[in-house]
Amino acid sequence: MNTPKILVFSTEKISDPALDFAGLMKLHYPASVHAIVLPCSSSVRPEWIIHAFESGFKGVYIAADGSDCPYGESCIAKTAKIVERSHVLMKEKGIPTDRLRMAAVCSVCAEIFVKQINIFAEELNASLKKED
Amino acid sequence: MSGKTIDIIKQKIKVPDALRQRHKEYLALRKRIREALADGEATIPEIAAKSGVPADQVVFILMTMRKYNEVVAGEMNDDREYYYYKLKADE
Amino acid sequence: MTKEQGNTGKRIGVYICRCGSNISDYVDVDTVCSEVAKEKNVRLARVMMFACADSAQKEIVADITNEPLDAIVVASCSPKLHLHTFRAVAERGGLNPFNYVQVNIREQSSWAHSDNPPQATEKAFNLIKAGIARVDLAEPLMPVTIPAENSVLILGAGVAGMRSAIELADLGSQVFLVEREFFVGGRVAQWGKMATTDQTGEEIVTALYNQIRTRKNIQVYTGAHIISSKGSIGNFNLQIKVVPRYVKPPCDPQGFRKAIEACPVIVDDEFNFGLTKRKAIFHNYKSEFPALPVIDMANCTRCGECLKHCTGINLDQKEEIIDIHAGTIFLATGFNPYEPRPGEFGFGELSNVITLQQLKRLLELSKGEFRFREKKIESIAFIYCVGSRQVDGDNKYCSRYCCTSAIHAALQLKQEFNVPVIYHLNKGIRTYGKQEVLYAQSSAAGDVYLQFVEDEPLLVEIYGEQAKITINDLLTAGQEITVTADLVVLVTGMVPRDNIDLNRILKVPIGKDKFYNEIHPKLRPVETVIDGLVISGCCQGPRNIHESVSSSLAAVAKVYTFINKGEIQLEPTLAIVNPDACEWCGLCLAACPFDAIQMVETGKGKIAQIIEGNCKGCGMCTPVCPTEAIDLKGFTNMEIRSMIEAMSG
Amino acid sequence: MEDILQDSSVKVADSLVVGGGIAGLEAALNLANTGQQVVVVEKDLSVGGRMIHLSKVFPTLDCSACITTPKVSEAARHPHINIITNCELKQISSDENSYWHVRLQINPRYVNESLCTGCQDCEEACPVVVRDEYQYNLVGRKAAFIPFSIASPRVAAIDIDNCILCGACEKACGPGAIDFSQEPVQTEWVVKSIIIATGFKLFDSDKIIRYGSGKFKNVLTAMQMERQLVPTRPFNTVLRPGDGKIPEKIAYVLCTGSRDESVGNPICSQICCMYSIKQAQLLLGALPMVDVTVYYLHIRAFGKGFDEFYQQAKMMDVNFIKGKVGRIRELENGDLVVRYEDIASGQVMEATYDLVVLSVGILPNMDVEKIAGLETLELDPFKFLNQRHEMTNPFKTNLPGIFMAGTASGPMDIPDSILSAGAVSALVNKYNKQLLETTVNSLEITSWND
């Protein structure tokens, strides 16, 4: 079974611990999901997202801190803005915008993360199949 | 310290009978619950009826089995009152 | 824009941990190791049973010196567990700790994908490649140190400010305690006996002031307010304006008294909330501080009568501007009592409707009998939550202290002044915690508690010399009950002080309730988004006296960690601007929540500059830059891009 | 039963913190960040106190673990903080220089902390199942176990009282961390000051027989409901423990064990109204069909943003009934009938629920009283530590150099506990500094309001 490559941007204090926690509880998700850890989800550059797609990733998932962000609540609006700008760039490049997802993931939200990433992977698979 | 320290403590303390008894009872109840699930998924009241184990003890043991990956939860029943549970296929 | 891997010529060592079998059961570590060894710049790759074990750590240190290595990658468990362990290993080997990268192949590979070992192996390999790519580009980072002045400007000399001043002075800081009013003590000075210990405000303020006077490193300014602020944490340059008292020491107390008697101007005394009158030259109470009267120039007619009696008076005193250099700014500006609207529960329209604060002054001014406007008071009705818990109004919050304060005053009325009939018309009594005991005492003393709800407010009318209040009492199944009372006390809550200028000068963040807002009530409860600006006491929200003191001491602890060493050490992961690429558009400034970016003029024009003292390293400024001129150390554009490439497989 | 090893070397620190909950850790971090050497002793297997076990916290609904765990890990790796878990205080005494001597006993966890990798292989191997106290007995755990997933230190322990000595764990452990030869070790510390941050005890609702707690399977304590709402919850959803039914009607009984002279606790516990309102909101999110009713006497929503949070719950259709619950009775199907005096109508009424949650209050942690050799430590009438100078120096005890933080001095919510910990670290910093500079006699004069 080949699963599409997904790049996750997670955050040091909040969402990456949830990914760790998923592993700890042996909750499975596709091994094609790879995470890069940043201080805050609002530091993701839209250019990185494009770069990921151009390097072969089929999906990008921003595991944001939401209102738990240690750098303040403006994180939510700023991360949303990054997604918005990325969507514009993706459209320019002809990448379907639903290949970029964002959700707030708390530090123990392992199950939520796994559920969402599995759904994302399935949907990506379906839409990639259609393309073929 | 390789593999033998259990013998050291065995010389110092004894396992109380009550504890051994409780452990045996737990294993027996767990066995009955496993048997009740042998034919396929069931809700907690169904497991209790089939196994004769009181429902609250089924909750405790079944949920412990879920925690240690012996049992998985399935869908809700039609009344949306109970979940179905099934044994995890032995690997 | 993509990097050419290998151009650094770094000598990298990679260590792959089996974690007993936790990793190696699912990840084929030996294959990964031999593949990793082929990567550019990798000088050695080893598999270890437990990389965190002491012997393994020693082996890594030996490799760093013997090979020698410039950078190391450890692929093991989550960095949350052992990042600092291996940074210390790198340091012991003589490397900069940022020339170390930990790759998580346990929680995020072997365990998460224990259902699929071949893919777990492939992912581990990709993650390690990304780690190598990152460490290859990593630059050594040093903690940034900025100097910090060991001095504090405290705004507000109420109990919170005074209490903090003493503690900070004893911890070795120079303290500038600035009070807008002419006397210290804030609201507590106006209070008489207080819940729950029955100490009076005057006693507490006196004790605090006596402590302040013995400390040489506290400078008190009264009648003073802030007029400008520049700089950032560690180095604020502030200016305060000191308004003259027109009275200076020394002068004999007799002379002062005669001067006050001679003054022809009579105005409402705000210290007693208008219950009494005062002259234009005045003081509040006998033992107040500073023990020097003041002339209220807004009301003074400059008639010169006082000058005849007292040589200490000088109507030509000028205001002074004082420069203060402080490492931190400490806000303890307190609250105002809510001022009821005219007609709110009869306030301002019915002569016998007063506020809780007025009652507290009245208690303080009364001896033996309790009288209001000459009349002996036999019955009192307290109406609670005036100006608080307004579901449809401005003040949605509970003012926290007022239930207890009103019940405490009621007990005093009963015990000291024998007022026989006391009603409490409330919306649910909130004597939380140990204060509950007062509520029980008051009920036991025969006070009558009736409860109304928001939708069915009370009606207060005049009834002869009394007030008549009609209530649908929830406690008796919504029965309409009418009570009459000689005096109605509106239990008014707290609102923030009117600090428009101060808020503008310091850019203090304000919450929905209009009180000052902390960064996070649990993580950083006394800090604001302005680095080096802390808040305490009731300017942050309603509190009773001991909660105010608690928060002010917590702010002391925070201030002490900022400035006690004379310098502030910052995490090295800060934003950095490439001056050649920056074209100053201001977007980074707008994105920064911490005021850490400023515009500077250079030879080639305007560019952004990071105020390192304020930067928290969140990176919010980086994605908004249109010229990619701003970067985050430790998470640079190049590093992340190269990681993405490496991970893509 | 066992020998106690004596560690003859005397260790030195500036301050000792008793209790590794949020208040103790916050105080330790504040002190350590100003260069003080701090030792934190915790009687449990993990630090984190109560807070690490909570779901989301009022009124901001931020995730409790997200706030606690970064502080826990910061403290655990701080070069100036030494955390000792599974440790009890044996004796405290002072010397002629007013330094405190503290004798500790570190009890064996039968696992070598430095070798354990937290892999849980021992837990898998252990055949014994007992009630998991960290899940408030709703589910089982093994006798060889990691206390909970975000425990710190995240290492295994053997519950020797429930161990059948089968040795399976030792065989399963790769790094050889299991060590049944461990003995209790006593060690002595000399410190300038002590912070008591021992927290609170929950009221034991079984004492109110008319509520049927401990007898009726579907009467829960609020902590049990709290665990049902965290991501690491025992049932992975909200169920009633009697038969696994998804509850549709849930009642909260406030003031269980608070404001109640008949159980010896006349005071308000200060947190139960708010945590119940929070749980009600979370339940409405978790179970879209659920009805939640809260029986209360007064709602104590007094803190920053609290009343707004209460109003929000009302808007979400949480049903608030002002009334005193007299008795709870169980029906054959496990449903519960709540009999209450309805204040709005003045009548005694009954209503049936799937699940009843008792909002239990908090009591002083009596272990404080038992701290050896400290008979002179003053308690208040409610057996919390006495705040002798409540108004202006609220966290000083009557003994010089001994301070208090968090709920050791009385009921408090999390923000206030954290503030008290901040406050106490300011006082301790000054005390430690002055103890170095002067003798204790002059200290008592300069330190104000004694």
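Reply: Chain B and chain C do not touch, where contact means heavy atoms within 4.5 Å, and the nearest C-alpha atoms of these two chains are 11 Å apart. This is a predicted model in which local features need a pLDDT of at least 70 and side-chain atom pairs count only at pLDDT 80 or more, while totals for chains, interfaces and linings use all residues, and side-chain values rest on heavy atoms, without hydrogens or water. Residues are numbered from 1 along each chain as its sequence is written, while chains are lettered from A and ligands numbered from 1 in the order in which they are written.

Chain A and chain B likewise have no contact joining them, their closest C-alpha atoms lying 9 Å apart. Four pairs of chains are in contact, and of these chains C and D share the most contacts. For the complex, the predictor gives an ipTM of 0.87 and a pTM of 0.87.

At the interface of chain C and chain D, 72 residues of chain C are in contact with 68 residues of chain D. About 5500 Å² is buried between these two chains, with carbon and sulfur atoms giving 59% of that area; buried area here is the accessible area (1.4 Å probe) that two parts lose on being put together, summed over both. The rule finds nine salt bridges across this interface, a salt bridge being a side-chain nitrogen of Lys or Arg within 4 Å of a carboxyl oxygen of Asp or Glu. C:Glu518 forms a salt bridge with D:Lys304, and the closest N and O atoms of that pair are 3.2 Å apart. Between chain C and chain D there are also 30 residue pairs in polar contact, both residues at pLDDT 80 or more (a pair of N or O atoms within 3.5 Å; within protein, one must be able to donate a hydrogen and the other to accept it, and residues adjacent in sequence count only if both atoms are side-chain atoms).

On the side of chain C that touches chain D, the elements that give two or more residues are α6 (159-170), α7 (201-213), α11 (436-444) and α13 (545-563) of chain C, with helices (H or I, at least four residues) and strands (E, at least two) taken as DSSP runs numbered from the N terminus. The largest share of that side, 13 residues, comes from α13(C). Its residues divide into 33 nonpolar, 21 polar and 18 charged, where Ala, Val, Leu, Ile, Met, Phe, Trp, Tyr, Cys and Pro count as nonpolar, Asp, Glu, Lys and Arg as charged, and the others, Gly among them, as polar.

Chain D also meets chain B, 43 residues of chain D being in contact with 33 residues of chain B. Together they bury about 3200 Å², of which 63% lies on carbon and sulfur atoms. Four salt bridges are counted between chain D and chain B; D:Glu183 forms one with B:Lys12, with 2.6 Å between the closest N and O atoms. The rule finds 14 residue pairs in polar contact across this interface, again with both residues at pLDDT 80 or more. On the side of chain D that touches chain B, β9 (129-131) and β10 (140-142) of chain D each supply at least two residues, and the residues of that side divide into 19 nonpolar, 10 polar and 14 charged.

As for confidence, chain D averages a pLDDT of 92, and 96% of the residues score at least 70, pLDDT being the predictor's confidence in each residue, from 0 to 100. Over residues 439-450 of chain D, however, pLDDT stays under 50, and for this stretch the model has 24 contacts beyond four places in sequence.
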